[in-house]
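This briefing covers strand pairing, nonpolar cores, pockets and a cavity, in that order.

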Amino acid sequence: MDNCCGVDSNKTAGKPIKCRAAVARKAEEPLVIEEVIVNPPKSGEVRIRIICTSLCHTDITFWKLKGACFPMILGHEAVGVVESVGENVTSELVEGDTVIPTFVSDCGECRDCTSQKSNLCSIFPMSGSPLMYDGSSRFTNIKGETLHHFLSVSSFTEYTVVHAANVTKIDPMIPPSRACLLSCGVSTGVGAAWRSANVEAGSTVAIFGLGAVGLAVAEGARLRGAAKIIGVDVNPEKCEISKAFGVTDFIDSTSCGEKSVGQIINEMTDEGADYCFECVGKSSLVQEAYSCCRKVSS
């Protein structure tokens, strides 16, 4: 979803904005384009004009969830421009900044945010609440009905309100269609290889599933200097695509014959890959990935 129409912040700051949003009203029912009211940001919050947003599988998962808090505005991968800033925003965010909203908060001050071992903020913890941190919503429809937030972002709307701890300023020259992926898929994959696993130069890596997250893992492993990056997928067309992200060897898991994928990777890597990443979310693949991890003593 792209939104190119802007509103003069000099006229809208501190006032409700009427705009369009794709509202999920019931599980697995089509989203409805509605006129909604986006209220001004409260203390510590910013209101953002969404420029571009993308669809993540997590959005689909919650859309299908029977017990979710409907009506809800989904979406959490996006890029936008700060329209107005609420009181007590201590970061350097100002009107006109290009930003990405993120579902993982970063106050920049607490013990966890300043640690190299964790990025789960203890002041603004990720809870999955359908409301803002103060327990209220910034969205209503034109009849006054409360619309719920999603993962502290809600990007399937022309305007949204996000806490400043869930906003990261970026270079405005980054193409919006690329920048929005930094909110979730790309940062998840690159971060898994770069930060969580701390992939070492010259190591071998196996990646199960070459969707957005899997390809981002490959890119992170490439940037870290991995010597061999093995990609596994059921779609043979991913072979050429994945090479652009650093994959050196591709396995079509539907064409392995009598051998398991784990056995093939063990043979390719001399008893297992140094790092294995399961990027599909399937328990059987977690077991397969574990089976081809190189065994080391501790």
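Strand 4 and strand 5 (residues 98–101) run antiparallel and are joined by 2 bridges. Strands pair if DSSP finds at least two bridges between them; helices (H or I, at least four residues) and strands (E, at least two) are DSSP runs, numbered from the N terminus. This is a predicted model, in which local features need pLDDT of at least 70 and side-chain atom pairs count only at pLDDT 80 or more, while totals for chains, interfaces and linings use all residues. Residues are numbered from 1 along each chain as its sequence is written, and side-chain values use heavy atoms, with hydrogens and water left out.

**Strand 4 and its partners**

- Glycine 80 has valine 99, in strand 5, as its bridge partner.
- Arginine 47 is bridged to serine 84 of strand 4.
- Strand 4 spans residues 77–85 and is mostly covered, with 8 of its 9 residues buried (under 20% relative accessible area; exposed is over 50% and partly exposed is in between, with a 1.4 Å probe and protein chains only).

**Nonpolar cores**

- A nonpolar core is a set of buried Ala, Val, Leu, Ile, Met, Phe, Trp, Tyr and Cys residues joined through side-chain atoms within 4.5 Å.
- The largest nonpolar core holds 25 residues, and Val36, Val38 and Ile73 touch the most other members.
- Strand 1 (17–23), strand 2 (32–38) and strand 8 (159–163) each give two or more residues to this core, and strand 1 supplies the largest share, 5 residues.
- Beyond its neighbours within four places in sequence, valine 36 is in contact (heavy atoms within 4.5 Å) with Ile17, Lys18, Cys19, Ala21, Val23, Thr140, Asn141, Leu147 and Thr157.
- A second, separate core has 14 residues, among them Ala193, Val217, Ala218 and Ala226.

**Pockets**

- On a 1 Å grid over the protein atoms alone, a pocket is an open set of points with protein on both sides within 12 Å along at least five of seven lines, whereas a cavity is a set where a 1.4 Å probe fits but cannot get out; lining residues have an atom within 4 Å of a point.
- Grid points are joined across faces, edges and corners, and a volume is the space filled by probe spheres set on the points.
- The largest pocket has a volume of about 990 Å³.
- Its lining has 32 residues, with Val104, Asn119, Ser187, Thr188 and Gly191 nearest the centre.
- Strand 9 (167–169) and helix 4 (185–196) are the elements that give two or more residues to this lining; helix 4 gives the most, with 9 residues.
- The lining of the largest pocket divides into 15 nonpolar, 14 polar and 3 charged residues (Ala, Val, Leu, Ile, Met, Phe, Trp, Tyr, Cys and Pro count as nonpolar, Asp, Glu, Lys and Arg as charged, and the others, Gly among them, as polar).
- The second largest pocket contains about 710 Å³ of space.
- It is lined by 33 residues, of which Gly211, Ala212, Val213, Gly214 and Cys279 are the closest to its centre.
- Helix 5 gives the most to the lining of the second largest pocket, with 6 residues.
- That lining divides into 18 nonpolar, 9 polar and 6 charged residues.

**Cavity**

- A search of the whole structure finds 1 cavity of 30 Å³ or more.
- The largest cavity holds about 40 Å³ of space.
- Leu131, Met132, Tyr133, Ser152, Val162, His163 and Asn166 line the largest cavity, and they divide into 4 nonpolar, 3 polar and no charged residues.
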